[in-house]
Amino acid sequence: MDDARQRLLDIGEVAERAGLAPSALRFYERKGLISPADRAGLRRVYAPDVLDTLALISAARAAGFALAEIAELLAARPGDRDLRRRLAAKADQLDQRITQLTAMRDSLRHATACRHAPLTTCPHFLRSIRAT
């Protein structure tokens, strides 16, 4: 077996290392987000860089990207101005969401030591929530 073939990861190993079910990998294949490098018998095998692609997919999904948006991101080329404009808008949306989540996190941390009853009447808590 040549060196390139030895470096390939089978579907079970990729799934385990990426923290996904093998069925998720097959789903991402059907959606065109990843593709196997080859087959070893009946099992799919992947190049190691598929783990980077899966990490990007997971991060993008956690950030609220639709699968179609992820597919566009994975296929992005430097000259695609329309996609870059949409990505900038998505980044702005994420900034807004991060601001909201940060305020909520800070309010919850304050609430752990707050003596107001109920906690939702605390001026600090209310100020943080209203700021978003």
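**View 1. Asp 82 and Arg 86 pair up in helix 6.** At 37% relative accessibility, Asp 82 counts as partly exposed; buried means under 20% relative accessible area, exposed means over 50%, and partly exposed is in between (1.4 Å probe, protein chains only). This is a predicted model, so local features need pLDDT of at least 70 and side-chain atom pairs count only at pLDDT 80 or more, while totals for chains, interfaces and linings use all residues. Residues are numbered from 1 along each chain as its sequence is written, and side-chain values use heavy atoms, with hydrogens and water left out. Asp 82 meets Arg 86 in a salt bridge at 2.3 Å, N to O; the term means a side-chain nitrogen of Lys or Arg within 4 Å of a carboxyl oxygen of Asp or Glu. By that rule there are eight salt bridges. Arg 86 is partly exposed too, at 30% relative accessibility. Shared partners join Glu 72, Asp 82, Arg 85 and Arg 86 into one salt-bridge network.

**View 2. Helix 6 from end to end.** Helix 6 runs over residues 81–111; helices (H or I, at least four residues) and strands (E, at least two) are DSSP runs, numbered from the N terminus. An unreviewed UniProt entry annotates residues 84–111 as "coiled-coil region"; UniProt positions follow the numbering used here, feature names are shortened, and annotations may be inferred rather than shown by experiment. In the model, that span is 100% helix and 0% strand, with its end C-alpha atoms 40 Å apart.

**View 3. Lys 90 reaches Glu 69.** The closest N and O atoms of this salt bridge are 3.4 Å apart. Lys 90 sits in helix 6 and Glu 69 in helix 5, so the pair ties together parts that are 21 residues apart in sequence. Lys 90 is buried, at 12% relative accessible area, whereas Glu 69 is partly exposed at 29%.

**View 4. A nonpolar patch on the surface.** Met 104, Leu 108 and Ile 129 make up this patch, with about 230 Å² of accessible area together. Patch residues have over 30% relative accessible area and no salt bridge; like charges are joined within 9 Å and nonpolar side chains (Val, Leu, Ile, Met, Phe, Trp, Tyr) within 5 Å. Areas come from the Shrake-Rupley method with a 1.4 Å probe, and for residues only the protein chains shown count as cover. Met 104 belongs to helix 6 and is partly exposed at 34%.

**View 5. Glu 29 and Arg 44 form a buried pair.** Their closest N and O atoms are 2.9 Å apart in a salt bridge. The pair links distant parts of the chain, 15 residues apart: Glu 29 is in helix 3 (residues 22–30) and Arg 44 in strand 3 (residues 43–46). The unreviewed UniProt entry marks residues 8–76 as "domain: HTH merR-type".
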